[in-house]
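Good morning. I will take a few minutes on one structure, and I will stay with what can be read from its atoms.

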Amino acid sequence: MLKSIRSHCGLAILLSYYLIFIGVPAISLFYFSLTDITVSNLTNPTFLGLTNYIKMVSEERFVYNLLFTFELVAYVVPITFLMGLVFALFLNSGKLFLKPIASLLLVLPWVTPIVAWAMSVRYLFAPGGPYSILLEKVLGFPLRIFSDPVGSKIFLMINLVWISAPQATLFTISALSSVPRSVIEAARLDGAYGISLFRHIILPLIKEKLLIVLILIITFTIMAAEAILAFTGGGPGFVTETLAVRMYTEGRMFHNFGYASSIGVFLLIIAFILGLMLLLLAKER
Amino acid sequence: MARKGLLRKQKLSRRQALSTAGKIAIGVIASGIVAGVAGYYAGGGGAPLKTTTIKEKETVTVTKTVTQTVSGPTVTISPTTTATSVSTTPTATIPTKVELKFAHFYDPALGGPFKVNHDYLLKVYKGFAEEFPNISIKETFYPWDQLDDKMMVAKKVGIPIDLCMASPQVWLKHREVGTFKDLTPYLKTLPKSLIDSIMWNPSWRFKATYPEGIPMNLHVSILVWRRDLFEEAGLDPDVGPSNIDDLIEFAKKTTKPEKGQYGVAMTLGDKIQNFQLVFVPFVWGYGGEIVDEEGKAVFADSPEAVEAVKEINDLFNKYKVASKEESFIPDATEVWKRFLEGKHAINLSYFTGLLAWYESEGMWKGIAPPTEHPVYLKARIGPWPLPTGYGWGHGGWHLCIHANSKHPDEAWEFIKYWIRPEVIADYPDMGIPAHRDLWNKPVYQTEPYRIMFQQAEKVKPLPTSKFYYELCEQTKYMFYEIIIEGKPVKETMKKYQDTFNRKYYG
């Protein structure tokens with residue numbers, strides 16, 4: 001009886017949290033997306049219906065933003081996920097020399113303010129910057145991050161991976177540490193080592209937790225507006241502009257809150273679909 | 001036994017239910033993060049960065065008589081002005097201590113020009129506090145490119161601000177929002193000579209910002225070149241390009257890609273300065289048009305504007321005297337810094353607001369602040385070398401009383417104090433004095449200021465549009481497609497003109 005009351009209380013708290021901090025803002029966002037709300041009519045916006053959505057999907061730039069968002073997810077998420085997994089396995093092995101230092105170094109990108117970091121990285125890769133000169137000597141050509149579309153994309157992706165890999169590592173370490181030692185020892189007694197131990201024993205046990213890691217990396221990549229603005233400013237042109245950056249520009253720079261909200265709703269739907277797909281996939285397996 | 005089995009079944013299903021609930025919760029949280037961030041970005045303004053309070057300890061009730069005596073050859077503001085005559089309501093008797101909230105962007109923590117200007121402001125506050133001990137100033141710093149937005153949002157959400165600085169370019173939007181108080185009743189109390197002196201300023205001359213903001217400075221586009229790089233290339237370091245052919249020739253001679261050195265550089269990657277410091281002065285320099293009276297883009301229909309953009313493109317792709325990588329850096333400040341590092345011989349995105357900074361970096365001496373004996377060291381300034389000679393210009397930053405101000409009379413006292421010719425004369429961000437009468441002072445009778453004044457005579461205020469920043473963004477993408485992707489000039493200009501007009505003007 002007491003357990004049931006506790007469970008219901010927990011559920012009530014979760015639902016209240018969802019309603020207040022997620023549900024209401026999401027409904028407001030949807031409502032704003034149907035209006036022409038801007039800074040001059042904050043209190044009395046005009047209802048436009050689906051005009052913002054029609055404008056949005058008919059825009060060439062929006063289509064580009066959407067494609068680049070997917071491109072970023074397609075490259076950044078698997079690399080980050082794999083890096084997180086590899087780092088976590090190393091750090092979890094228990095025999096790593098300099099483990100504390102390695103852990104600290106790994107967490108460093110996560111705790112460094114992105115804008116400050118971006119400024120220094122941009123300096124290093126800028127024309128005449130130390131890395132730029134070094135790369136030119138090693139590769140024979142410079143990595144042009146401000147004027148070359150491919151260069152700027154590579155530069156951005158490297159940095160996004162670098163920023164999100166520590167989070168992936170930490171979550172993966174926590175997943176690995178949940179595997180009972182007795183299970184691993186029993187598997188070893190049965191002759192399972194290395195890749196086979198990981199593949200047949202550990203992976204099935206942490207599969208669901210890894211799914212959470214994957215969802216978090218996808219969310220981070222889709223919503224990485226601050227990092228993109230700091231590293232490339234969405235440029236050159238709008239080559240590295242994702243939907244989140246576009247939403248930021250429309251909402252915070254131009255005050256087209258209605259239009260920005262319609263992009264926000266679209267992003268919400270994408271994130272929801274991706275999350276649902278992953279959950280369904282896990283359930284099937 | 002059967003009951004036990006049922007219980008186990010129930011337990012199992014509860015576990016399953018919890019697992020499913022957990023998965024849903026993860027999905028919900030992930031979506032929630034997206035919704036929260038989306039709401040944040042799409043929604044209102046964030047908190048100000050930092051605040052500092054400069055306060056006087058004394059709290060007294062005073063009846064103040066303000067006496068303004070102006071030194072200088074031609075300016076004389078009425079010898080005695082009582083504070084009661086300045087505003088519609090008496091302000092001379094201020095019964096209680098008043099704190100004015102002043103929003104600006106001179107954050108000393110940012111160093112460089114910001115600190116130099118903040119040091120000057122501290123002196124202004126000190127002088128003001130001596131005359132008005134019961135009015136204190138509380139500063140709030142915002143990034144310069146967010147200040148206007150924050151002021152508009154503050155108006156709408158009721159954040160109390162008394163004084164603020166604002167940009168004339170976005171005035172149409174400010175008017176729509178009603179960000180500032182109408183200064184007409186206050187302006188009526190100012191001496192005509194002072195009004196005439198300020199009225200010359202392009203922003204007021206074209207009635208762009210009158211009567212809500214007082215122009216505090218005058219920024220115009222000028223040319224700046226490295227004397228040392230000219231000398232190295234066998235050019236006379238004191239003779240700059242006087243027309244576009246000279247510009248190309250000088251740029252070719254000073255371009256040395258193997259050393260990472262280029263003849264010219266522009267701020268084409270910056271979301272605002274690509275427009276203000278490159279597109280506008282080039283188009284006007286060729287006699288073209290940018291927007292019509294409504295604010296709609298017309299640049300693609302102007303043959304001169306198309307010619308100007310072709311010329312910019314040629315500097316990169318035909319004459320190869322500019323580096324795409326250097327000029328498409330997203331932050332204008334970094335392009336200006338590269339000039340200081342000696343990587344560009346001629347800076348085609350320079351304006352008078354940067355004089356003090358370049359002086360502090362050893363480019364010249366005695367220009368900002370002005371002295372009677374300026375000396376050019378590593379760099380030199382010259383007039384804008386395009387056919388019509390027109391560059392851009394505007395009243396720089398304007399000082400305004402925010403619509404939410406609870407102490408407009410006291411705020412006006414501060415404005416009146418700051419615009420006194422002897423107080424504003426030392427304003428480092430001034431570029432060229434906002435008051436034309438100050439131009440007669442001996443420190444301005446020098447060669448650099450003669451060039452700048454001649455340039456100032458030819459300026460037009462920056463184009464005003466309700467969608468100013470949106471227009472700036474369009475030209476940034478336009479330049480990218482033309483210069484980097486190699487798309488045809490006229491068609492690309494037309495594409496971006498139509499995109500802008502369709503989106504913002506139906």
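This is a predicted model: local features need pLDDT of at least 70, side-chain atom pairs count only at pLDDT 80 or more; totals for chains, interfaces and linings use all residues.

Let me start with chain B on its own. Chain B has 19 helices and 19 strands. Of its 506 residues, 59% count as buried. If you take the contacts in chain B with a separation of 6 or more, 74% of them are between residues 24 or more positions apart.

Now the contact with chain A. The size of an interface is often given as the accessible area lost when the parts come together. Here, chain B and chain A bury about 4800 Å² between them, and 66% of that is on carbon and sulfur atoms. Chain B gives 51 residues to the contact and chain A gives 58. Between the two chains there are 11 residue pairs in polar contact, both residues being at pLDDT 80 or more. On the side of chain B that touches chain A, several helices give two or more residues, including H1 (2-42), H13 and H19 (489-505). The largest share, 16 residues, comes from H1 of chain B.

Next, one helix of chain A. Helix H5 covers residues 114-125, so to speak a run of 12 residues, and reaches 16 Å from its first C-alpha to its last. Its buried residues are A:Ile114, A:Ala118, A:Val121, A:Arg122, A:Leu124 and A:Phe125. Why are they on the same side of H5 in chain A? Because they cover an arc of only 155 degrees around the axis. The face turned away from that buried side carries the exposed residues A:Met119 and A:Tyr123. What do the buried residues of H5 in chain A pack against? They pack against helices H6, H7 and H10 of chain A, together with helix H13 (332-340) of chain B.

A:Arg122 is in H5 of chain A, and it counts as buried because its relative accessibility is 8%, with under 20% as the cut-off. Leaving aside residues up to four places away in sequence, A:Arg122 touches residues of both chains, among them A:Phe155, A:Phe231, B:Pro330 and B:Glu334. With B:Glu334, A:Arg122 forms a salt bridge, and the closest N and O atoms are 2.6 Å apart.

Side chains of opposite charge can pair when their charged atoms come close. The structure holds 31 salt bridges over all chains, and the count between chain B and chain A is 5.

Another pair is B:Lys503 with A:Glu250, at 2.7 Å from N to O. This pair crosses between chains, from helix H19 of chain B to helix H11 of chain A. B:Lys503 counts as buried at 16% relative accessibility, and A:Glu250 is buried too, at 1%.

B:Lys115 and B:Asp119 form a salt bridge at 3.0 Å. They are about one helical turn apart, because they sit 4 residues apart in helix H2 of chain B. B:Arg380 and B:Glu447 also meet in a salt bridge, at 2.9 Å. B:Arg380 lies in strand S15 and B:Glu447 in helix H17, so this pair ties together parts of chain B that are 67 residues apart in sequence. B:Arg380 counts as buried at 12%, whereas B:Glu447 is partly exposed at 31%.

That is the end of my part.

Definitions and conventions: Residues are numbered from 1 along each chain as its sequence is written. Chains are lettered from A and ligands numbered from 1 in the order in which they are written. Side-chain values use heavy atoms; hydrogens and water are left out. The expected span of a helix is 1.5 Å times one less than its number of residues. Buried means under 20% relative accessible area, exposed over 50%, partly exposed in between (1.4 Å probe, protein chains only). The arc is that of the directions from the helix axis to the C-beta atoms. Contact means heavy atoms within 4.5 Å. Buried area is the accessible area (1.4 Å probe) that two parts lose on being put together, summed over both. A salt bridge is a side-chain nitrogen of Lys or Arg within 4 Å of a carboxyl oxygen of Asp or Glu. A polar contact is a pair of N or O atoms within 3.5 Å; within protein, one must be able to donate a hydrogen and the other to accept it, and residues adjacent in sequence count only if both atoms are side-chain atoms.
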